[in-house]
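This report concerns a single protein chain. Please have the sequence and the model at hand while reading.

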Amino acid sequence: MAVDWVTRYGGEEFCIVMSDTDLNTGCHIAERIRIALSEEMLTAYNGQQFQLTASIGVVELIPEDSPISLLQRASDKVREAKKNGRNQTRF
């Protein structure tokens, strides 16, 4: 049985695992999430308004991956997105 799950990973990072999802589909889903987040206007407790951005890294499980190497590759893609201007999806 395939199961997808979301978990908080670190301070400001989240991990979404989508079983039985190829890289192309994962990228489309990630981009939809990024766009939806960037379209939201949030209001802080002091009334200040701001928009969210998301730097997203997408990787596909490969046979030689361990859980650690999979997470490291995804984390590297997030860092790449942040380094290249933020609010983007890298794969």
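The model is a predicted one. Its chain holds two helices and six strands, arranged along the sequence as β-β-α-β-β-β-α-β. Of the contacts with a separation of 6 or more, 38% are between residues 24 or more positions apart. Values for the chain as a whole are listed here.

| Property of the chain | Value |
|---|---|
| Box filled by the C-alpha atoms, along the principal axes | roughly 50 × 30 × 25 Å |
| Share of the 91 residues that count as buried | 19% |
| Accessible surface | about 6,900 Å² |
| Share of that surface on carbon and sulfur atoms | 55% |

Which residues make up the largest nonpolar core? The five are C27, A30, A54, I56 and V58. Setting aside neighbours within four places in sequence, A30 touches I56, V58 and T89. Two of these partners, I56 and V58, belong to the largest nonpolar core along with A30.

The largest pocket contains about 1,300 Å³ of space. It is lined by 40 residues, and those closest to its centre are F14, C15, I16, I56 and G57. Two or more lining residues come from each of β1 (5-8), β2 (14-17), α1 (23-38), β5 (56-57) and α2 (67-83). The largest share, seven residues, is supplied by α2. By residue class, the lining consists of 24 nonpolar, eight polar and eight charged residues.

Terms used
Residues numbered from 1 in each chain as written. Predicted model: local features only at pLDDT ≥ 70, side-chain atom pairs only at ≥ 80, totals over all residues. Heavy atoms only, no water. 1 Å grid on protein atoms, 1.4 Å probe; cavity = no way out; pocket = protein on both sides within 12 Å on 5 of 7 lines; lining within 4 Å. Points joined across faces, edges and corners; volume = space filled by probe spheres on them. Helix = DSSP H or I, 4+ residues; strand = E, 2+ residues; numbered from the N terminus. Nonpolar A, V, L, I, M, F, W, Y, C, P; charged D, E, K, R; others polar. Core = buried A, V, L, I, M, F, W, Y, C linked by side-chain atoms within 4.5 Å. Buried < 20%, exposed > 50% of the residue type's maximum accessible area, 1.4 Å probe, protein only. Contact = heavy atoms within 4.5 Å. Areas by Shrake-Rupley, 256 points an atom, 1.4 Å probe, with all protein chains shown as cover.
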